[in-house]
Amino acid sequence: MKLDRRAFIELTVGASLGAGAGITFSPLPWKLTDDVAIWTQNWPWTPVPSEGQVSHADTICNLCPGHCGITVRKVEGRVTKIEGRQGYPVNDGGICPLGAAGLQLLYGPWRVPGPVRRVGKRGERNWERISWDKAIAEVVTKLSDLRSKGKPDTVACITATDQGTVPQLFSRFMEAYGSPNYIRTASAEDTNELAMKLLQGKDASVGYDLEKANFILSFGSGLIEGWGSPVRTIQAHSKWRSGNGKKAATVVQIEPRLSNTAAKADMWYPVNPGTETALALGLAHVIIKDSLYDSTFVNNSTSGFAEWRKMVMSEYSPGDVSATTGLSAAKITNLARAFAKAGRPLAVWGRGKGTTPGSLYECMAVLALNALVGNINKSGGVWTTLRSTDLGWPEVPQDRIASSGNGKPRLDGAGTQNYPLVKYRPDELPKIINDNPEAIQALLVHEADPYFTTMDTNRVAEAFEKIPFIVSFSTYFDETAQHADLILPNDHYLERWEDIPSPVGFHKEVLGVSRPVVDRQFDTKHAGDTVMAIAKKLGGTVANAFPWDDYEAVLKEAMGADWDTLAESGYVAKAGSTPSGKFEFYAKPYEPIELEGDSYTQPLTLIPMELMRLASGAIGNPPFCTKTLEETELKGNDLFVEVNPKTAGDYGLADEKYAMLETYRGKAKVLIHLSEGIMPGLVGIPKGLGHTGYDDYLAGKGVNANSFMGVVEDPVSGLSATWGIRAKLTSV
Amino acid sequence: MKDAHHKGEGHQEGHGTVYKYGMVINLDKCTGCGACMVACMAENNIPFRKEDTNDRLTQNFWMRVYKISNGGSFPDNDICYLPRPCMHCEGHGHHNRTPCVTVCPAVATDYNHETGIVSQIYTRCFGCRYCMAACPYHVRVFNWWDPKWPEGMEEYLNPDVSPRMRGVVEKCSFCFHRLQRARNKAYSEDRREVHEDEYQTACTQACPAGAITFGDLTNPEHKVYELKKTPNAFRLLEVLGTNPKVYYTSSRAWVRKAADVYVGKEGSGVTHT
Amino acid sequence: MSTSEEKERNVAGGEQRTEGSSWRFLVPVIAFFAGFLVFLCIGWGIFPKILYSEKQQPIDFNHQLHVDEMGDCEACHYFREDGSFSGIPKSENCIECHESAMGEHPEEAKLIDQYIEPGKEIPWLSYARQPDCVFFSHAAHVRMAGLDCMTCHGPIGESEHTRPYQYNRLTKYSRDIWGWNIAGIKTNTWDRMKMDDCAECHEENGTNQACFVCHK
């Protein structure tokens with residue numbers, strides 16, 4: 001049959017219709033429609049977390065000196081959540097934002113994957129992976145070389161604390177090696193310890209029984225913003241705020257800025273910054289004058305009261321103090337009376353989070369106020385919390401080189417004639433190195449980030465450039481690690497054993513042990529093991545100083561009889577021993593800590609603001625926390641500074657507009673946030689931003705507040721007492 | 001304060017026990033620390049980006065702590081923090097229902113009368129964002145970007161909560177998966193009811209101040225039952241009749257007053273930053 | 001249906017009018033049926049073969065043998081202490097019996113050599129895996145509602161060999177979700193595991209139908 005045009009069309013149309021009908025009567029279109037609908041809902045690049053057995057493990061958070069108990073929730077081997085540990089004596093189930101964001105620190109791209117050596121220039125972030133043996137060998141070569149040249153004292157070591165076995169292993173290493181330059185980073189603990197030495201004659205720090213007090217007078221302490229052990233303090237705050245219809249405690253905040261603590265307080269007294277000591281002594285004046293002090297305690301348990309009283313009565317009348325502080329005499333008198341009559345009053349010291357040493361006189365004046373109401377070592381009062389670095393280890397064997405090195409004075413001058421009572425003066429280091437580039441030939445840094453946390457960032461950077469050899473033991477690519485020559489990464493705190501000292505500011509002694517709750521994620525090594533491996537390779541007496549096989553042996557031995565309890569429950573809460581020393585009143589009129597800068601060209605005062613949602617110490621603020629910042633603190637990558645609208649009016653500044661912030665130490669463009677919560681004439685700058693280390697998730701946001709601040713030496717202690725700096729703001 | 005339970009109760013649907021989960025947040029205790037926000041982000045696999053800071057228009061938050069101010073001049077200025085999860089509005093009667101549920105053209109969100117929880121089904125949502133416009137509390141957020149975690153960080157994701165894809169709306173679920181988990185446990189012990197302490201949201205658990213109390217608003221044995229009736233208790237934008245299940249308490253009058261003021265600087269002198 | 005018949009008539013009618021040849025009208029009819037049949041075959045026979053990809057399970061597992069030995073499903077597919085369901089057993093469960101060979105079966109030798117000794121997990125392919133947006137509680141169904149495993153999973157416990165795992169190329173879901181009948185027709189409760197099937201049972205039993213009951 002001939003296939004004509006017509007037949008062709010008939011065939012095609014027929015077959016097509018048939019095909020259509022066939023398809024329609026088959027499941028194909030209906031099934032495909034359904035599948036395509038599902039397909040549009042499936043985004044295969046969206047991760048699907050794996051399921052599995054859920055388990056929980058307890059350990060201790062090591063991200064700040066608050067040391068909360070934490071419980072990690074695990075799904076098979078993965079940590080999916082960090083929660084507060086129920087029943088832990090410090091934080092009983094609560095957690096802070098940083099602690100909860102510890103997950104991001106564990107799994108983040110800022111982890112150092114293994115031992116690395118710098119390639120290219122410092123700070124360029126070019127690294128080459130090397131083996132552990134090679135990394136340790138490099139450190140040993142360098143350190144042996146310095147030793148053989150008779151310069152062991154040019155090696156310095158910085159750690160964040162000197163409490164606990166790991167910092168003590170570093171300290172011991174330094175002694176065995178022959179350098180007196182073991183240094184702890186700065187904090188309010190420096191001043192607390194010094195004050196306790198002077199007032200109580202003890203190696204101790206200050207613990208506050210916040211929970212039992214019924215009148216809290218805080219001298220600028222950020223009680224709910226990270227001061228002390230943050231969760232514990234917030235929980236104490238909740239106790240003060242509860243009570244049947246009546247608040248359980250009165251809270252008074254002395255601070256020039258409406259911080260969260262000030263906002264939550266019953267009374268907020270913005271006094272002229274830097275005059276807190278005068279206020280404390282003025283309050284003492286009223287208490288003595290009205291005979292409201294605890295005479296039994298003062299007569300029996302203190303010394304030096306008569307002379308101190310004379311000073312307070314002659315120089316700190318409410319009228320005088322009113323002129324200095326800007327607070328009316330009536331308010332001072334009323335506050336003093338309310339404090340003394342409260343029953344269980346407590347005066348608290350330590351500015352902000354307590355990350356800077358501060359003024360020794362201020363600390364002593366606040367402690368004296370507590371002594372005046374008989375509030376020392378008793379319920380609801382100030383406690384002497386003993387701080388010991390003696391772990392009962394055998395004496396360090398020293399060869400000739402070591403004893404000669406150890407015989408040299410410390411570079412920072414601590415413990416020398418000028419600063420006899422101070423143990424460490426870390427803020428001095430940049431100056432020392434910049435003045436004498438030969439001073440430090442090698443620097444070891446463990447669990448600290450001095451490059452970021454030390455005042456005067458620009459000078460710190462200069463000093464780092466001058467140190468020929470820097471070894472970091474950091475878990476993360478923090479700023480110090482980024483500028484090191486070698487990184488020998490420590491295990492993450494969720495991956496390792498370590499004893500955890502008592503929380504800062506806590507009046508009870510809680511000894512904890514953190515334990516690995518997750519498998520080691522990278523090729524890291526416990527810093528305790530690393531430092532011992534270095535010592536053993538160095539040989540001789542340095543090696544002999546470390547008779548232990550590994551860090552676990554060190555830990556077990558140091559924990560002694562407590563080990564079984566620690567291994568079982570993770571902590572031992574000890575009954576604090578009450579030291580019986582007398583409280584000493586120190587009768588010296590205070591000298592105000594002068595601000596650096598020129599009051600004419602720099603008419604404003606820049607003060608740091610420490611925020612609960614912003615980690616301001618050695619740990620970079622993880623992305624979770626950065627997200628929680630207020631829109632008036634950070635916008636994009638631009639940092640806000642807080643000024644009163646009145647100040648803005650005086651200097652032509654406008655809300656949310658750029659301005660140039662300048663001090664003697666640094667200069668940067670910032671945004672202006674107008675706030676009625678800050679005293680006119682002040683500029684508040686959030687502390688903890690402006691990271692350059694870690695990676696793009698953390699770096700480049702805002703400016704480091706430390707880069708504007710210089711070091712102002714406390715006239716008595718020699719510690720850094722910087723609380724602000726003169727500044728200029730010009731609109732741009 | 002209006003009484004929370006007068007209508008729409010007692011739906012004895014199916015054979016399940018009827019709960020009405022809600023929260024009472026003590027603003028006197030809340031310190032604005034942000035632990036609730038972080039705990040929520042960790043619990044609910046909330047993504048973040050390199051550029052992320054805190055831009056309210058684009059950032060993903062289920063729980064957000066707002067800072068409000070009385071607008072006073074120095075030194076009479078005062079601030080208060082206000083944590084804001086989803087209010088899980090119940091609405092009143094048939095004409096004034098949950099604002100987001102009524103507008104959703106995809107039935108991607110519904111009000112569960114057995115739990116009082118407003119759901120959000122991501123695979124069902126097509127991202128029209130009507131619900132975001134309808135919600136008076138700004139609790140809903142849109143996924144403008146693909147959720148991407150830096151290499152290695154997917155390890156911490158919680159398998160109980162599905163990570164959301166780009167282009168859908170999400171919001172606080174009162175950690176509904178925790179109720180599912182608690183129910184599993186209860187069922188395996190041959191009981192239907194879930195105890196108060198077995199189902200707590202991540203923010204409640206994390207709050208170091210103990211400012212958040214969570215439970216069944218209709219159960220006299222749960223702490224929230226009494227707390228919501230305290231004289232200082234209030235709800236946000238009560239005037240709209242959304243009948244939210246999140247209550248706040250504050251001893252400060254200006255804070256209570258601020259709860260019903262919507263437009264920032266206009267009028268009341270209360271500013272919302 | 002009526003439309004296609006009408007079209008058929010129209011086409012045929014047109015032909016008769018113009019051509020007059022009595023058989024000629026059959027051309028389009030035959031073409032229609034040819035097309036119909038071909039595409040019916042494609043739709044029913046070839047399409048499912050293209051739509052689904054097939055994989056073999058790593059080990060040919062004998063359920064019947066294990067059920068006989070172990071007693072019931074929950075011996076291996078157990079509930080955890082927190083009420084969650086363990087699902088497919090892990091190697092560590094297998095080790096309890098198979099640390100060393102119990103018999104001489106080649107599949108057991110494979111289990112020991114390839115997975116247990118090197119300490120690896122067996123990459124089982126889960127027939128009943130629901131997508132990530134689904135929350136399914138075994139406790140609610142098995143413990144509370146007293147459903148038998150078979151209600152959803154069928155008589156898998158009686159199988160002596162593992163059947164091949166098929167998954168949809170478009171959706172990546174296991175074929176068991178849609179069911180093995182390509183038309184989606186089910187004769188047993190376990191033939192399909194789609195949302196409609198869940199909803200159907202929930203409706204019958206008066207269970208809560210809210211989204212958050214089954215979704216996460």
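**View 1. Burial and overall dimensions of chain C.** Of the 216 residues in chain C, 20% are buried, in what is a predicted model. The radius of gyration of chain C is 25 Å, whereas a compact globule of 216 residues would have one near 17 Å. The C-alpha trace of chain C spans about 85 × 45 × 30 Å along its principal axes.

**View 2. Secondary structure and contacts of chain C.** Chain C contains 10 helices and 2 strands, and its elements, read from the N terminus on, follow the order α-α-β-α-α-α-α-α-β-α-α-α. Among the contacts in chain C with a separation of 6 or more, 62% are between residues 24 or more positions apart.

**View 3. The two domains of chain C.** Chain C is divided into domain 1, residues 2-54, and domain 2, residues 128-214. To the contact between them, domain 1 of chain C gives 6 residues and domain 2 of chain C gives 7 residues. On the domain 1 side, the elements that contribute two or more residues are helix H2 (26-51) and strand E1 (52-55) of chain C; by class, this side has 4 nonpolar, 1 polar and 1 charged residues.

**View 4. The contact between chain A and chain B.** Here 62 residues of chain A are in contact with 51 residues of chain B. By class, the side of chain A that touches chain B has 30 nonpolar, 19 polar and 13 charged residues.

Definitions and conventions. Residues are numbered from 1 along each chain as its sequence is written. Chains are lettered from A and ligands numbered from 1 in the order in which they are written. This is a predicted model: local features need pLDDT of at least 70, side-chain atom pairs count only at pLDDT 80 or more; totals for chains, interfaces and linings use all residues. Domain bounds come from an automatic or database domain assignment. Two residues are in contact if their C-beta atoms, placed from the backbone, lie within 7 Å. Helices (H or I, at least four residues) and strands (E, at least two) are DSSP runs, numbered from the N terminus. Ala, Val, Leu, Ile, Met, Phe, Trp, Tyr, Cys and Pro count as nonpolar, Asp, Glu, Lys and Arg as charged, and the others, Gly among them, as polar. The radius of gyration is taken over C-alpha atoms; the globule rule is 2.2 Å times the number of residues to the power 0.38. A residue is buried if 20 or more other C-beta atoms lie within 10 Å of its own, exposed if 12 or fewer, and partly exposed in between; C-beta atoms are placed from the backbone.
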